[in-house]
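Welcome, and thanks for opening the viewer. Let's walk through this structure one selection at a time.

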Amino acid sequence: MKNQIKGIRLRRCFLLNVIWVAMLSGCLSFAQSGDSDWGSWNTIGLEYKLDKKWTFSLEEQLRLKEDISVIDEYFTQLNAEYKLFKDFKLAGGLRYIRQNDNQGNIQGYENHFRFNIDVSYKHELDNFKLGYRLRYQNKNELGVSSEEGDYANQNVRLKASVEYNINNWKLDPKFSAELFNHFEKEDENGFSKYRLTFGTDYKIKNFGEIGVFYRFEKELNVDLPDVTNIVGLKYMYTIKNKSKKKKD
């Protein structure tokens, strides 16, 4: 009985928090800001589970900007994930980016390379799945020497997420909040933006997983922060190592 009451309280708390964050993000979007834009991020990927420890994935993504009318960038990303021990994972990613610079005197597609290193922890609490991730990332334009020093284009990102498992329902809601800490010049270090994301995934047997999301992104520590609203679609197909299962 106590567990049921606790579960009901947790569900109510989760729903209230989602409603509060949704209202907050809506209010923030109407607060004093700079440019406001709509974007679209669309991903297709292939995931390979080698064993209980290792998972690899390859993704292709297309991002649009300026009210979903112009290509912002497209990239290829290779990821590797290792399960260190229960609930803890280490991961890394390599990304080759073709970025569309359509502003200024010199315009065209630029080549960028980005890598990231992640440490993450996930656990379950009743019907909730809670996650925390710390990410370091470094992005640089290929063929261009940086005059800002070794700390240009580096970020440390802090992310917290929650997923609620609804019984007999395949579209479990997900929410995450992420904060970016940028490293550049000494007088420009600090928090640069945050993201709030609402979404869900739907698994189709023998076909893969489809995900949809809405993301609100806003700059920090500037007089007129830019605001971006992003809608996204993702498809991921997973392959498991059957030969490894037979050996086990």
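**Start at a loop residue**

Select Glu66, which is partly exposed at a relative accessible area of 34%; that label covers values between buried, under 20%, and exposed, over 50%, taken with a 1.4 Å probe and protein chains only. Glu66 sits in the loop between β2 and β3 (70–85). Its phi is near 50°, a positive value in a residue other than glycine.

A word on what you are viewing: this is a predicted model, where local features need pLDDT of at least 70 and side-chain atom pairs count only at pLDDT 80 or more, while totals for chains, interfaces and linings use all residues. Residues are numbered from 1 along each chain as its sequence is written, and side-chain values use heavy atoms, leaving out hydrogens and water.

**Another positive phi**

Now jump to Asn206, in the loop between β9 (190–204) and β10 (208–219). Asn206 is not a glycine, yet its phi is positive, at about 65°. With 71% relative accessibility, Asn206 counts as exposed.

**Into strand β10**

Next, pick Arg215 in strand β10. Which side chain of opposite charge is nearest to Arg215? It is Glu178, 6.2 Å away, and the buried Arg215 has no salt bridge (a side-chain nitrogen of Lys or Arg within 4 Å of a carboxyl oxygen of Asp or Glu; Lys and Arg count as positive, Asp and Glu as negative, with His and the chain ends not counted).

Show Thr197 too: its side chain and that of Arg215 are joined by a polar contact of 2.7 Å (a pair of N or O atoms within 3.5 Å; within protein, one must be able to donate a hydrogen and the other to accept it, and residues adjacent in sequence count only if both atoms are side-chain atoms). Leaving aside residues up to four places away in sequence, Arg215 also touches others, including Trp41, Leu196 and Ile230 (heavy atoms within 4.5 Å).

**Out to the nonpolar patch**

Select Leu46, Tyr48, Trp54, Phe56, Tyr237 and Ile239, which make a nonpolar surface patch of about 500 Å². Such a patch takes nonpolar side chains (Val, Leu, Ile, Met, Phe, Trp, Tyr) joined within 5 Å, from residues with over 30% relative accessible area and no salt bridge. Strands β1 (36–49), β2 (54–65) and β11 (227–240) each supply at least two of its residues. Phe56, found in strand β2, is partly exposed at 32% relative accessibility.

**Zoom out**

Finally, show everything: the protein has 2 helices and 11 strands (DSSP runs numbered from the N terminus: H or I of at least four residues, and E of at least two).

Terms used. Patches are made of residues with over 30% relative accessible area and no salt bridge: like charges are joined within 9 Å, nonpolar side chains (Val, Leu, Ile, Met, Phe, Trp, Tyr) within 5 Å. Accessible areas come from the Shrake-Rupley method with a 1.4 Å probe; for residues, only the protein chains shown count as cover.
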